[in-house]
Amino acid sequence: MNVPVPGDLPVPGDLIVARNRKYDGTAHWVVPGRYLGSDEHGHWVFQGTHEFISRPGAASYTESDAIFLIPHAGDWVATFFDNAHPHGVELYIDLAIELQWRRIRPGVVEFHMIDMDLDVVRSKSEGLFVDDRDEFSEHGRQMSYPDALVARMGAACDALTEAVAAALPPFDGRAAAWFTLGRTLP
């Protein structure tokens with residue numbers, strides 16, 4: 001389960017700092033957002049336009065609003081985009097493990113995960129596809145992913161692709177209401 005421990009539970013309006021790393025512990029993306037709330041599918045975080053994001057060797061500002069979903073259970077996180085995304089990306093699901101929360105001070109919670117490379121993506125121009133299979137294979141060799149983990153990620157990737165294709169919850173348009181809520185934050 002990807003449930004925060006009681007003292008680490010975010011509350012609406014908290015700053016959420018998503019800190020991603022790779023399987024070998026190297027730093028990956030750091031992305032800020034504001035906690036909106038939770039429902040039966042997970043925890044919803046608003047990531048606004050022009051937020052500073054970074055990873056080793058790269059830094060930029062976000063080009064559109066996004067909604068980040070951290071599920072209650074599962075080996076993934078999802079980022080939903082609306083029509084403002086400059087490259088037409090609608091949904092970007094990162095396969096991930098070891099999803100963890102940690103309150104670092106009042107009003108600020110870190111969310112940590114290990115990015116497992118595979119991504120389920122839906123875009124206006126390319127439709128639904130799995131990205132970074134080559135990176136997953138390469139990193140699997142370089143970082144010695146256990147066979148059981150490789151199988152688990154493959155199964156999760158297949159299940160997510162099917163769920164998105166069938167528009168099953170939470171991939172059924174419900175992110176629109178969270179965008180509306182996120183845009184009302186001060």
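Leaving aside its neighbours within four places in sequence, which residues is Ile-93 in contact with?

Mentor: This is a predicted model, with local features needing pLDDT of at least 70 and side-chain atom pairs pLDDT 80 or more, while totals for chains, interfaces and linings use all residues. Numbering runs from 1 along each chain as its sequence is written, and side-chain values use heavy atoms, without hydrogens or water.

With those neighbours set aside, Ile-93 is in contact (heavy atoms within 4.5 Å) with Trp-76, Val-77, Ala-78, Leu-118, Asp-119, Val-120, Leu-160, Val-164 and Phe-171.

Now widen the view. Ile-93 belongs to the largest nonpolar core, which has 30 residues. Such a core joins buried (under 20% relative accessible area, 1.4 Å probe, protein chains only) Ala, Val, Leu, Ile, Met, Phe, Trp, Tyr and Cys through side-chain atoms within 4.5 Å. Ile-93, Phe-80, Leu-95, Met-116 and Phe-171 touch the most other members. At least two residues each come from strands 3 (42-47), 6 (66-71), 7 (76-81), 8 (89-105) and 9 (108-123), and from helices 2 (147-165) and 3 (175-182). These are DSSP runs: H or I of at least four residues, E of at least two. Helix 2 gives the most, seven residues.

A separate core has 13 residues, including Tyr-35, Trp-101, Val-109 and Met-113.

Strands 6, 7, 8 and 9 also give two or more residues each to the largest pocket's lining. A pocket is an open set of 1 Å grid points where a 1.4 Å probe fits, with protein on both sides within 12 Å along at least five of seven lines; lining residues have an atom within 4 Å of a point. The lining has 29 residues, with Trp-29, Val-31, Ile-53, Phe-81 and Tyr-92 nearest the centre.

Methods. Buried < 20%, exposed > 50% of the residue type's maximum accessible area, 1.4 Å probe, protein only.
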